[in-house]
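Here is a short tour of one protein chain, written to be read with the model open beside it.

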Amino acid sequence: MGTGRRTVLAVVGVLAALVTVAACSAEPTGDRNTTVTADPVIYPLSLRYHAIDVVADVPYGSAPLQRLDVCLPADSPPDTTATPTATAAPSAEAPASGASASADPRALARASSTARPAVMMIHGGSWSHGDKATAAYRSVCQYLASEGFVTFNVDYRLAPTDPFPAGFDDVRRALDWVFRPSTLEIYDVDRDRVGLFGGSAGGNLAALLAVTDHESPAYAEGDRIRAVVDLSGPTDLTSRSTEADGVSASFQRKQLLYLGCRTYSRCPAAERASPTSQVTADTPPFFIGHSTDEFIPLWESTEFATALRAHDVPVTFVQVEGTAHSIAQLDEAMSKRVVAFLRDRLG
């Protein structure tokens, strides 16, 4: 009996150890909160991408900043690396409001066989600077492509020359361009597996696109955002962000320049530019990464996650100890968490 008991206890111990290892190694893709530490190295910047082609400065509109780069996975056909001809406005093929791939049988057929998931990236820079081609954002674009996602890395008009909603209108236009039948066909994208990735101001724009996506004509036609990665995105640009636990005075001024307002007391754009107040049950699943001591206060993402969950939207909320802002959080472990989330939601 003693030997049998010891055997049972040994088996139970092994099973418990395996469960513990599995729990520790699983990447967070479900609805949960996690607190992690981060290495100081931005993992995508540390890699080399010899097999990843980048199609630079593809126009999605006629303005100089209405351009995007396409980072192509290694299995992309050679004919996708040519930059398409600029178009001053959307053609009859795809109205400015977006177009469904169901309008094009070729794109629909392709989506059912070989088409791949895609991610549209939006860079940060306090809505006033930044560029898709900076080394950090270019490397993230290439990293996502190396993991199998056709990645569209977007530029947009910037404040104060072009205040809200210009930048938001641009990223909406860029997303409509991604959903065009010709884009889906050229880059072999599955219209049912498109997600967003944004950092800092880009996280704000990605989140705002997601919470208002149900209002777009494209949504009614079936072109929908399926997943969102938001790293350090400001989500409440109202006077709430000016309180003692809010953003610094210098960042408040940047927000006002972006919003096109002189004060927060008379700024209706502040509410319209704040994702937290616009969440609905139609909002897609989110991965939120936010550092505990960075300059965008943690409560912005905490309250945003609470608003999402109040509408039964799945949220993976990863709090990163320290001050790393936006894509500076992307050490190797965090990069893999993001990819695991995108794979889980985009297939």
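Let us start with helix H6, whose buried residues are Ala 201, Gly 202, Gly 203, Asn 204, Leu 205, Ala 206, Ala 207, Leu 208, Leu 209, Ala 210, Val 211 and Thr 212. Please keep in mind that this is a predicted model. Twelve of the twelve residues of H6 are buried, so this helix is largely enclosed by the rest of the structure. Its length is worth a check too: at 1.5 Å a residue, the twelve residues of H6 (residues 201–212) should span 16 Å, and the 17 Å between the end C-alpha atoms agrees with that.

Which residues of helix H8 (residues 249–259) are buried? They are Phe 251, Gln 252, Gln 255, Leu 256, Tyr 258 and Leu 259. These residues lie on the same side of H8, because they cover an arc of only 160° around the axis. What do the buried residues of H8 pack against? Their partners are H6 and helix H9 (268–272). After H8 comes Gly 260, with a positive phi near 75°.

Next, have a look at strand E4 (residues 116–122). This strand is mostly covered, with seven of its seven residues buried. E4 runs parallel to strand E6 (residues 189–199) and also parallel to strand E5 (residues 150–154).

Finally, step back to the chain as a whole. The protein chain has eleven helices and nine strands. Of its 347 residues, 54% are buried. How much of the accessible surface belongs to carbon and sulfur atoms? The share is 56% of a surface of about 14400 Å². As for contacts between residues at least 6 apart in sequence, 79% join residues at least 24 apart.

Terms used: Residues numbered from 1 in each chain as written. Predicted model: local features only at pLDDT ≥ 70, side-chain atom pairs only at ≥ 80, totals over all residues. Heavy atoms only, no water. Buried < 20%, exposed > 50% of the residue type's maximum accessible area, 1.4 Å probe, protein only. Helix = DSSP H or I, 4+ residues; strand = E, 2+ residues; numbered from the N terminus. Pairing = 2+ DSSP bridges. Contact = heavy atoms within 4.5 Å. Areas by Shrake-Rupley, 256 points an atom, 1.4 Å probe, with all protein chains shown as cover. Expected span 1.5 Å × (residues − 1). Arc of directions from axis to C-beta.
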